[in-house]
Amino acid sequence: MTVALFTLGGTISMAGRAAGSVGVVARLTGRDLTAAVPGLADLGEEIEIHDVEAMPSSSLTFAQVLEVVDAASRAVAAGARGVVVSQGTDSLEETAYLADLVWPHPEPFVVTGAMRNPTLAGPDGPANLLAAARVGRRDLGGLVVLDDEIHAARWVRKQHSTSTSTFGSRDVGALGQVIEGRVRVLVRPDRPAPLPWPDAGRLAARRVALHVVSLEDDGAQLDGLADTHDGLVVAGFGVGHVPATMAPRLGALAERIPVVLTSRTGGGSVLSHTYGAVGSEVDLLSRGLVNGGLLDPYKARVLLRLLVAAGADRAAIAEAFATRG
Ligand code: DAS
């Protein structure tokens, strides 16, 4: 059996130094990475290596991720029993969700990375790569595997800036674990049908902003946003609240572009009919904002960009968030 490995850079591959710099940069290839994994050969799988990029994940784009998904799709169509993508952890929760939204196959699409680079004591990359390669369970969609935990791309968040156990899924927990090399899947989430493949040109032309609400925020920086952006995700307080002074601005924006309401808390859902003050969820939804449900602001932005690129109207966007949010 074959596992297709796509490498995009990130800490897992950072063992080089740029001239005149003290910091590490991505340098290692897929061959280097796999050679550093004790036990990988014992899996009896052929690892088909595709070195795509060697960059920090903070600079990845939607287009680059979709190119990898497309190439991974071809690898699976050619017989690979699964896909592993190694990349930086910074944007991993977004890239994995983007892949999950469009991944059309039952074969697993597993994203992994590392928190300690290979020049440090105890680098976690080799163990993460080995665990990711072991995961062959079908019909789970996009997965994130680090620290011997298997997370759904839909739920996972990077929760700590340096810890090797940074990835967690607060609302549902991990779907499974890798225990003594054995993959144990404990929870199988419902998986909505994949979205249609995005048109590259339309996707590149669509911009979606994210605004995190904070104390005494009147939203003045949102003025003119509808002239430059095609959608907005608002990360509101708590269950989806903003200062009263911001509410009319958001309502005016929602008349021109889709505005999705999410929570900045990192867990739980936006509500729909509990609080009635100006700036509360009831007020904002009545002004035309779309309820983002349980989707966190970063993942909501990924979904909204695909939807606006597909030309979805407000009703279709609300329906998509009702299904996936
Ligand atoms: N350098 C960061 C990145 O590429 C961190 C990491 O790789 O984990 O995302």
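Tutor: Residues are numbered from 1 along each chain as its sequence is written, and side-chain values use heavy atoms, with hydrogens and water left out. As the model is predicted, local features need pLDDT of at least 70 and side-chain atom pairs count only at pLDDT 80 or more, while totals for chains, interfaces and linings use all residues.

Student: Why is Thr262 called buried?

Tutor: Buried means under 20% relative accessible area, exposed over 50%, and partly exposed in between, with a 1.4 Å probe and protein chains only. Thr262 has 0%, so it is buried. Thr262 lies in strand S15, residues 259-263. Strands are DSSP runs of E, at least two residues; helices are runs of H or I, at least four; both are numbered from the N terminus.

Student: What is Thr262 in contact with?

Tutor: Contact means heavy atoms within 4.5 Å. Leaving aside neighbours within four places in sequence, the partners of Thr262 include Val233, Gly292 and Ala300.

Student: Why is Glu180 called exposed?

Tutor: Its relative accessible area is 84%, so Glu180 counts as exposed. Glu180 lies in the loop between strand S11 (176-179) and strand S12 (182-185).

Student: What makes the phi of Glu180 worth a look?

Tutor: Phi of Glu180 is near 50°, a positive value in a residue other than glycine. Most residues other than glycine have a negative phi. Asp139 also has a positive phi, near 65°. Asp139 sits in the loop between helix H4 (125-134) and S7.

Student: Is Ser73 buried or exposed?

Tutor: Ser73 has a relative accessible area of 17%, so it is buried. Ser73 lies in helix H2.

Student: How do you know that the side chain of Ser73 makes a polar contact?

Tutor: A polar contact is a pair of N or O atoms within 3.5 Å; within protein, one must be able to donate a hydrogen and the other to accept it, and residues adjacent in sequence count only if both atoms are side-chain atoms. The side chains of Ser73 and His105 make such a contact at 2.5 Å.

Student: What makes a set of residues a nonpolar core?

Tutor: The members are buried Ala, Val, Leu, Ile, Met, Phe, Trp, Tyr and Cys residues, joined through side-chain atoms within 4.5 Å. The largest such core here has 50 residues, and Phe6, Phe109 and Phe321 touch the most other members. Helix H2 gives the most, with 9 residues.

Student: How do you know which residues surround the ligand?

Tutor: A residue is near a molecule or strand if one of its heavy atoms lies within 4 Å of it. Those around the ligand include Gly10, Ser57, Asp90 and Ala114. An N or O atom in the side chain of Ser57 is 2.4 Å from a ligand oxygen. A polar backbone atom of Asp90 is 3.0 Å from an oxygen atom of the ligand.

Student: How much of the ligand does the protein bury?

Tutor: Taken alone, the ligand exposes 260 Å², and the protein buries 87% of that. Such areas come from the Shrake-Rupley method with a 1.4 Å probe; for residues, only the protein chains shown count as cover.
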